[in-house]
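Subject: Structure handover

Hello,

The structure we talked about is below. Please look through it before reading the notes that follow.

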Amino acid sequence: MANLNSFARCFVPNCTSSSKSTPSKVFFPVPRGEARQQWCSAVGRSKPMSSTSPHHCCQDHFDVENDVYNWDWCLTQMHAGCKVKFQLKENVLPQKVPKCSHKQVKDWLLCGV
């Protein structure tokens, strides 16, 4: 489930995830300032972005099991109906191509996703 009260679209080029089309995904706010430029470079975004507008990046571009504090606990709480704030660890950058663990790949193959 997206962790936003409003609409979010992934800022990564060619990613079609949004809080409407993929409501079960978590969307992380793109930081402002110098970190925003690092995130843009990391995902190959060459077009300039507003430095103040809110932008988001979906969970597909992180290794969430390693990049997010208490990922498993947060998921458990979210599925139990609790409101959860997912927090990325310091200095984590998104990747242009979806990043995932071996467990996620195995799960996707089993589910046919």
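**Surface and overall layout**

The protein chain exposes about 7400 Å², and carbon and sulfur atoms supply 53% of that area. Accessible areas were computed by the Shrake-Rupley method with a 1.4 Å probe, and for residues only the protein chains shown count as cover.

This is a predicted model, in which local features need pLDDT of at least 70 and side-chain atom pairs count only at pLDDT 80 or more, while totals for chains, interfaces and linings use all residues. Residues are numbered from 1 along each chain as its sequence is written, and side-chain values use heavy atoms, with hydrogens and water left out.

The protein chain has four helices and two strands, in the order β-α-β-α-α-α along the sequence. Helices (H or I, at least four residues) and strands (E, at least two) are DSSP runs, numbered from the N terminus. Of the 113 residues, 36% count as buried. Buried means under 20% relative accessible area, exposed means over 50%, and partly exposed is in between (1.4 Å probe, protein chains only).

A contact means heavy atoms within 4.5 Å. Of the contacts in the protein chain with a separation of 6 or more, 58% are between residues 24 or more positions apart.

**Confidence**

pLDDT is the predictor's confidence in each residue, from 0 to 100. Its mean over the protein chain is 84, and 81% of the residues reach 70 or more.

**Helix 1**

Which residues of helix 1 (residues 34-42) are buried? They are Arg36, Trp39 and Cys40. Seen down the axis of helix 1, these residues fall within an arc of 100° (taken from the directions from the helix axis to the C-beta atoms), so they line one face of the helix. In general, an α-helix has 3.6 residues a turn, so residues three or four places apart point the same way. The face of helix 1 turned away from the buried side carries the exposed residues Glu34 and Ser41. Strand 1 (27-29) and strand 2 are among what covers the buried residues of helix 1.

Alanine 42 is also in helix 1 and counts as partly exposed, at 25% relative accessibility. Leaving out residues up to four places away in sequence, alanine 42 touches Leu93, Pro94, Gln95 and Lys96. The C-alpha atoms of alanine 42 and lysine 96 are separated by 6.7 Å, although the two are 54 residues apart along the chain. Helix 1 is followed by glycine 44, whose phi is positive, near 75°.

**The nonpolar core**

A nonpolar core is a set of buried Ala, Val, Leu, Ile, Met, Phe, Trp, Tyr and Cys residues joined through side-chain atoms within 4.5 Å. The largest one has 25 residues, of which Phe11, Cys57, Phe62 and Phe86 touch the most other members. Strand 1, helix 1, strand 2 and helix 3 each give two or more residues to this core, and helix 3 gives the largest share, three residues. Beyond its neighbours within four places in sequence, cysteine 57 is in contact with residues including Cys10, Phe27, Trp39 and Pro94.

**Aromatic pairs**

Rings of Phe, Tyr and Trp (its six-membered ring) pair if their centres lie within 6.5 Å; planes under 30 degrees apart count as stacked, over 60 as edge-to-face and the rest as tilted. There are four aromatic pairs by this rule. Phenylalanine 28 and phenylalanine 62 form an edge-to-face pair, 5.3 Å centre to centre with 70° between the planes. Phenylalanine 28 lies in strand 1 and phenylalanine 62 in the loop between strand 2 and helix 2, so the pair ties together parts that are 34 residues apart in sequence. Both phenylalanine 28 and phenylalanine 62 are buried.

The ring centres of tryptophan 71 and phenylalanine 86 are 5.2 Å apart and the planes are at 45°, so this pair is tilted. Tryptophan 71 is in helix 3 and phenylalanine 86 in the loop between helix 3 and helix 4, 15 residues apart. Ring pairs also link Phe11, Phe28, Trp39 and Phe62 into a cluster.

Regards
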